[in-house]
Amino acid sequence: MSKRKINDFFLPVSKRGTNSENLDINQNICQPNELMQTERSSTNVTNPSQSQSNCDVSTVLTCTSLSENEHVKLIESCFPDIEKNDISNKIHHYMLCSKSDCCSITSNEKFDHAWLNSKDLSFCRITRLWHFVFVEGQGVYCLLCRKHNIKNPRNRSAVFADEPSKRFRKLALQEHLKTKCHEAAKYSESLSRVSVFQKDIDRKLEVKNEILFQAFYSHLFVADQMIANFKINKLMKFIEHIGLNDLKYFSHRSAGSQREVLLTLSDTLKNDLIKKLQSSNCYGLMIDDLSDVSSLEQMIVYIQYFDQEHGSVQTDFLFIANLLEKSDSANSETLFKVLCENFEAMNLDKAKITGLCTDGASVMIGKKDGLSAKLKQLNKGLIATHCVCHRLALACTDTNSNLKCVGNVETYMLQLWKLFHYSPKKMACFLKHLEGYRSLVLNSSERQKCVKILKRACKTRWLSFEASVAAAMEDLIPLVQTLSDLSESDAAAYGLLKKLHSAHFVGLLFILHAILPILGKISRIFQKSYLNFSSIQPTLDSAVQELKQIKSEKSPIESAKCELSEGGKLELLDITINQNTEHQLGQTLNNYVSALVENIERRFPDVPILAALNIFNPCHIPDKDNESFNSYGDDSVEIIHQQFLSKCCTLAEVKAEWNLMKFHIAQKKSKIPVNPSDGLTPLEWCLSDIMKHKNEYNYMCPFLTKVVELILTMPLSNAWPERGASKVKIIKTDLRNRLKNDMLNGLLHIAVNGPELCTEECDCLVTNAVEKWITDKKRRKLPTSRTSVTGEDSMKTYMEAEVQTESESLLSYGTEVGDEDEADDVGSTCGDDDHEKDRLLENTLLQLKIAKNLREAQQYSKTVNFESESDWNSDDDF
């Protein structure tokens, strides 16, 4: 269809072949094309001198003219540089001046204030708007041209819009009213009043702040719950469906936009963390290596520091990096290089690294060429420690390996788990025996609980052996019965039955069931998010004492004899512990406990520097009246000075500070909380209290205050990187194996460091991320503000481009059609002014008809080829 045929769509009904005699009573009002012709004749950009038709657009816009308050709001939005309090003093407009009885210009500019009050000069009968504004010190603006940002298409000048006119003559104002630019501004204003899109546009402007906040919160929820990124759009669609309809206005839903939003959220968290680290005097690192699902050798790094804002020690994820991206081997040199590159990128000082905790691999803590040796070249006071959790696990593993009988129990537990885990038939048989043993009917949920009882014994999982033994002890009778039924047809079940259904194995289970919980309690204490060295040795001493007590009393063997005898829980096994078996079990118990104690003492040797730091413990300091108070801690201070302060001060200065500091510590002794809610030890509480008053102690004891912060930030457990490795496996799965490291870093920052959802801190994070996202770059959907776009101003600019986009698209199409159809000038028909009700009805129908026709014409121009010969559908059904 040619452009001429499209123009026929706007012809009167009589010229399109419709029988005008058969029209109903409402057909005497002007048709949509007549209104188009009327608007074009009254606001024609191409030929403004053309005579106006009888039907003025003002009849359409009379009911939508701007009030006084709307005029004031429009002036405030068009002149954001001028403060709200100074608008009435610096800006002269008909509405402002009539309200304040202003009738003259206070400055020396030769501008006649009466021009602003002239209805023929300053009032537009089409838009019902007082358009001329005079700003003192600048010049004259046209409110219409400034609102729609109209520029001359030839020389791109914007006089009366962005730039004020300084020709203070009445003739200059009259000439501006006749220009094409001003006519285009009136046309844009007219379309914005009657456009069917205006309701959506107004709603977009009304909720422009909320929709970004809601969209970013949706992204944060998906990342915090470690859900795949492609499900973000489905989540937002679901939120729209259940009632949050305004979220449909968020149009940045591509994969690239989702990536930018998530990275912006993570960068906001990361920048806050970097600011805290830059203000800290020292921090400790926890490093581990792992292989992800893509077989990439990754190094994951956590950092421990004292957060002055919260007044506590914090442990946060720092970064994860591919070690073999630029290197052929993950040796200590590569580890050091990757660490330095990331610290430089984050603008962090490597010399502030005062603590390093690793899993004990030689590449990490090697004395000659390990990572710790290279970091000590930057800071000689650095303390490198082997993770206490790993040391405890190694001590237990070494004991199990040396004692063959204990190692065999671990092997049997693993085989037992595999037997049922990989065979649903055998698991069903076990559940039937368990049901009969417990004398209850299990529903589906309870069956799942029973399945979870059978735990896997794994050497790399610190508490798995304890859970496996506890599960076997709880359901030993059903296990033996199940193996007995399966032994006739299954060789593995027969072999396990012979091992499990014996007095020696049952006795070993009782021994392990008594000892492993003690070791598990130590492991759980060491796996705390924050662990101080002061709690290590007392915890180990307590565990060793309990082990020795079990050894001397032989309580596990006595319990086994009692349970296997008549009337005991294991009477159905029909097993009896004879004197020979009892002697073997007693010898095994002695050997096991002795080996455990020996391995623990070997894995946890006394470290002089850690013992010296115990002088800050308020429980160890003697009373002030005691003679030993004056000399308390003098030897330890010398070790501390040699380790940390030898370069910055003398030993005499440190001793002088200590003589003052120990009086403050002794004073805190009476204030130690009996049952602290945060679970801190007395030493941790005392050091944290000193750091909370850091400014005061910096003035009195600057060197020892640094040592206090160093003690608090010294990591001793590598449990955090182990948890981070588990997070990596949850986030980067087989279905997301192409996840790049920058996105993986961002998702880990949100999942680990992010605040709890639906809290004030989380709301603040989303707000800051929205502001950062808007100001990072100029986006297609966001217009350029007249001023610098920062803070709340940047939020106000969101989606204002939609108004201008709709107006410009409709304006350009209306002008194109008008140029082709100028010859078909048709008079419009309107009702008489005497019939006010009929006029209101006509105006309403006119607005609806022009909105429908403009919308259909715009959609048709985008989807239909103009060279096609197909006919246009009729609009008589409206």
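User: How far is the sulfur of Cys619 from the closest cysteine sulfur, and in which residue does that sulfur lie?

Analyst: This is a predicted model, in which local features need pLDDT of at least 70 and side-chain atom pairs count only at pLDDT 80 or more, while totals for chains, interfaces and linings use all residues. Residues are numbered from 1 along each chain as its sequence is written, and side-chain values use heavy atoms, with hydrogens and water left out. A disulfide is taken as a pair of cysteine sulfur atoms within 2.5 Å. The sulfur of Cys619 is too far for a bond with the closest cysteine sulfur, as the separation is 9.3 Å and the partner is Cys686.

User: How many disulfides does a search of the whole structure find, and which cysteine has the sulfur nearest to that of Cys181?

Analyst: The search of the whole structure finds zero disulfides. Cys181, which counts as buried at 17% relative accessibility (buried means under 20% relative accessible area, exposed over 50%, and partly exposed in between, with a 1.4 Å probe and protein chains only), is in no disulfide, and the nearest cysteine sulfur, 6.8 Å away, is that of Cys145.

User: Which residue forms a salt bridge with Lys426, and how far apart are the closest N and O atoms?

Analyst: A salt bridge here is a side-chain nitrogen of Lys or Arg within 4 Å of a carboxyl oxygen of Asp or Glu, and by this rule the count comes to 21. The partner of Lys426 is Asp490, with the closest N and O atoms 2.6 Å apart.

User: How many residues apart in sequence are the parts that Lys655 and Glu638 tie together?

Analyst: The side chains of Lys655 and Glu638 meet in a salt bridge of 3.5 Å, N to O. Helices (H or I, at least four residues) and strands (E, at least two) are DSSP runs numbered from the N terminus. Lys655 lies in helix α32 (residues 651-668) and Glu638 in helix α31 (residues 634-645), so the pair ties together parts whose separation in sequence is 17 residues.

User: In the open sheet of three strands, which strands stand at the edges?

Analyst: The open sheet has the order β1-β4-β5 with antiparallel pairing, where two strands pair if DSSP finds at least two bridges between them. Each edge strand has a single partner strand, so one side of each is left without a neighbour in the sheet, and these strands are β1 (91-92) and β5 (139-142).
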